[in-house]
Amino acid sequence: MGKAERKRWSEDFSEWYNELIEVAGIQDKRYPVKGMNIWLPYGLKIMRNIEKFIHAEMERTGHEEVLFPALIPETEFQKEAEHIKGFEGEVYWITHAGLDPLDVRLILRPTSETAMYSMFSLWIRSHADLPFKVYQIVNVYRYETKHTRPLIRVREISRFFEAHTAHDSYEDAERQIKEDLEIFDRLAKFLALPYIVSKRPEWDKFPGAYYSVGAEVMMPDGRTLQIGTMHNYRQNFAKAYNIQYETETGDHEYVHQTTFGMSERLLAAVIAVHGDDRGMVLPPTIAPIQVVIVPIPKKDSEADVFAYARELAEELRTAGIRVHVDERDIRPGRKYYDWELKGVPLRIEVGPRDVEGKKAVLARRDTLEKITVERDNIVGEVRKTLDAIHENLYQRAKEFLEGHIKRVDTIEEAKAVFEDRRGIVEIPWCGEEECGLKMEEELDAKMLGIPYPEEDAKAPEGKKCPVCGREARFIARFARTY
Ligand code: 5CA
Ligand code: ZN
């Protein structure tokens with residue numbers, strides 16, 4: 001596909017995105033509370049397909065689903081000092097019930113540590129209860145002060161996935177983080193999303209965490225979007241919420257905890273990364289309609305063409321492919337436009353000549369190529385093409401990501417990257433907070449962290465921190481972020 005095709009997508013990304021969310025039927029942004037949007041049926045169907053995969057992964061890895069209340073008493077919220085500090089500015093308060101002021105005020109959960117952990121302290125009794133692994137997909141509320149954007153930064157995160165685990169040792173919690181990364185990798189492949197993982201700097205870790213790891217994708221405008229995080233809490237929350245277990249020798253020990261969080265930002269990433277000037281391009285794995293069949297009848301051939309289209313659809317449906325026949329009484333060009341906007345990965349066009357010659361025309365959404373195939377091989381051809389589309393989406397996005405990561409040695413070079421095509425800058429760093437913050441300021445960018453796993457984070461021998469000139473210990477990544 002030519003560059004011109006994706007011009008608006010890349011050069012006017014923000015506008016493109018906001019408009020597409022509405023015209024493609026993902027969300028309606030006109031709800032009268034800022035940062036809280038309405039899921040429309042088509043958008044919700046796509047999100048549900050993402051969630052199905054997440055549920056299956058949780059099942060596969062032995063996490064059990066729970067559902068906690070959305071309200072948390074102030075007294076519970078206030079138990080872990082770092083956590084309160086991090087969230088107090090973002091919390092919605094409930095101060096009254098009916099006409100009565102509440103004795104103990106309530107908060108709307110911004111995430112569920114403080115809702116869950118007093119219950120964990122009742123549930124977890126002995127080493128036999130560990131590892132303890134639960135998750136939920138719920139709505140959470142954050143009074144975000146940065147610019148809100150549908151799916152990306154909202155004040156009601158309506159599909160917040162959070163996994164919470166407890167372990168008998170630091171090592172076992174570390175194993176959990178590895179498992180989370182593996183789950184994330186499978187999910188990212190399922191969404192055809194290439195990504196990078198970084199260990200957050202001390203000053204940007206999750207409030208209450210011992211360390212945090214974040215996964216980022218590259219948006220069309222060269223800014224990054226964090227779409228998943230994993231945190232090792234060590235025993236910080238266990239001590240605040242008194243979550244202890246009895247060891248095999250009868251001692252009492254605090255558990256080690258981790259969390260893993262994601263949200264509808266996953267869908268934002270899919271829309272942004274794979275889209276083009278014509279609209280969305282959905283990976284076949286999550287497309288509510290994988291194949292749309294558009295009959296193109298000529299005078300006198302209507303009945304035959306429609307019957308042929310339905311027949312093809314039936315055969316594909318039986319083979320487990322999600323297919324729709326567009327029988328609306330409008331011009332085919334208009335139908336193409338609609339389904340391209342909605343990102344349907346494959347279109348099949350059938351006209352009288354296809355009926356006669358027992359053929360069909362497949363039009364790929366990703367490359368806009370058309371090929372004519374034999375009707376008898378339709379299931380095989382469609383499957384093969386859907387797989388090829390998925391693979392192409394992944395490869396194309398991977399090239400884009402890799403083409404937007406640049407290693408530099410000096411602040412000047414880094415600045416040039418952000419002035420030019422942006423992306424991610426990798427630069428030597430001594431590891432001192434002062435130097436890290438200085439670079440954030442100079443570059444007007446955020447430090448994503450150092451590459452994770454940390455074996456990949458060491459600076460090559462002889463590299464110097466561009467701020468203080470001392471020996472660099474790490475490679476640090478900087479980007480403009482969403
Ligand atoms: N308790 C931890 C792990 S569950 C937690 O809340 N981590 S978090 O704050 O990093 O959020 C997890 C993920 O939710 C983020 O990686 C991001 O993808 C998504 N997220 C966070 N804030 C928002 C928001 N305002 N709108 C949409 N998605 C968000
Ligand atoms: Zn330094």
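These legends describe close-up views of one predicted model.

Residues are numbered from 1 along each chain as its sequence is written, and chains are lettered from A and ligands numbered from 1 in the order in which they are written. In this predicted model, local features need pLDDT of at least 70, side-chain atom pairs count only at pLDDT 80 or more, and totals for chains, interfaces and linings use all residues, while side-chain values use heavy atoms, with hydrogens and water left out.

**View 1. An open sheet of 11 strands.**
The strand order is β3-β7-β8-β14-β11-β10-β9-β22-β23-β21-β20, and the pairing is mixed. The edge strands are β3 (64–65) and β20 (405–407), each of which pairs on one side only. Strands (E, at least two residues) and helices (H or I, at least four residues) are DSSP runs, numbered from the N terminus. Two strands pair if DSSP finds at least two bridges between them. Strands of a sheet pair through backbone hydrogen bonds, either parallel or antiparallel.

**View 2. Strand β8 and its two partners.**
Strand β7 (residues 132–141) and β8 run antiparallel, joined by nine bridges. K133 has T165 of β8 as its bridge partner. Buried means under 20% relative accessible area, exposed means over 50%, and partly exposed lies in between (1.4 Å probe, protein chains only).

**View 3. H164 within β8.**
H164 lies in strand β8. Its relative accessible area is 0%, so H164 is buried. H164 stands opposite T259 in β14. The side chains of H164 and E162 are joined by a polar contact of 2.8 Å. A polar contact is a pair of N or O atoms within 3.5 Å; within protein, one must be able to donate a hydrogen and the other to accept it, and residues adjacent in sequence count only if both atoms are side-chain atoms.

**View 4. Ligand 1 in its pocket.**
Ligand 1 sits in the largest pocket. A pocket is an open set of points on a 1 Å grid over the protein atoms alone, with protein on both sides within 12 Å along at least five of seven lines. A molecule sits in a pocket if more than half of its atoms lie within 2 Å of its grid points. Which element gives the most? β11 does, with six residues.

**View 5. Close neighbours of ligand 1.**
Of the 24 residues around ligand 1, E113, R142, E144, Q226 and S263 come nearest. A residue counts as near if one of its heavy atoms lies within 4 Å of the molecule. A polar side-chain atom of E113 is 2.5 Å from a nitrogen atom of the ligand. For S263, a side-chain N or O atom lies 2.8 Å from a nitrogen atom of ligand 1. I152 places a backbone N or O atom 3.4 Å from a nitrogen atom of ligand 1. Taken alone, ligand 1 exposes 590 Å², and the protein buries 96% of that. Accessible areas come from the Shrake-Rupley method with a 1.4 Å probe; for residues, only the protein chains shown count as cover.

**View 6**
β22 (residues 446–451) is largely enclosed by the rest of the structure, because five of its six residues are buried. Strand β9 (residues 196–199) pairs with β22 in the antiparallel sense over two bridges. There, K199 has I450 as its bridge partner. β22 and strand β23 (residues 474–479) are also antiparallel, with three bridges. M447 stands opposite F478 in β23.

**View 7. Two cis peptide bonds.**
L130 and P131 are joined by a cis peptide bond, with omega about -5 degrees. P131 is in the loop between α6 (113–123) and β7. The bond from Y452 to P453 is also cis, with omega near 0 degrees. P453 lies in the loop between β22 and β23.

**View 8. Two residues with positive phi.**
Most residues other than glycine have a negative phi, and most peptide bonds are trans. N242 has a positive phi, near 50 degrees. Its place is in the loop between α8 (236–241) and β12 (244–246). K358 also has a positive phi, near 50 degrees. K358 is found in the loop between α12 (352–357) and β18 (359–364).

Definitions and conventions:
1 Å grid on protein atoms, 1.4 Å probe; cavity = no way out; pocket = protein on both sides within 12 Å on 5 of 7 lines; lining within 4 Å.
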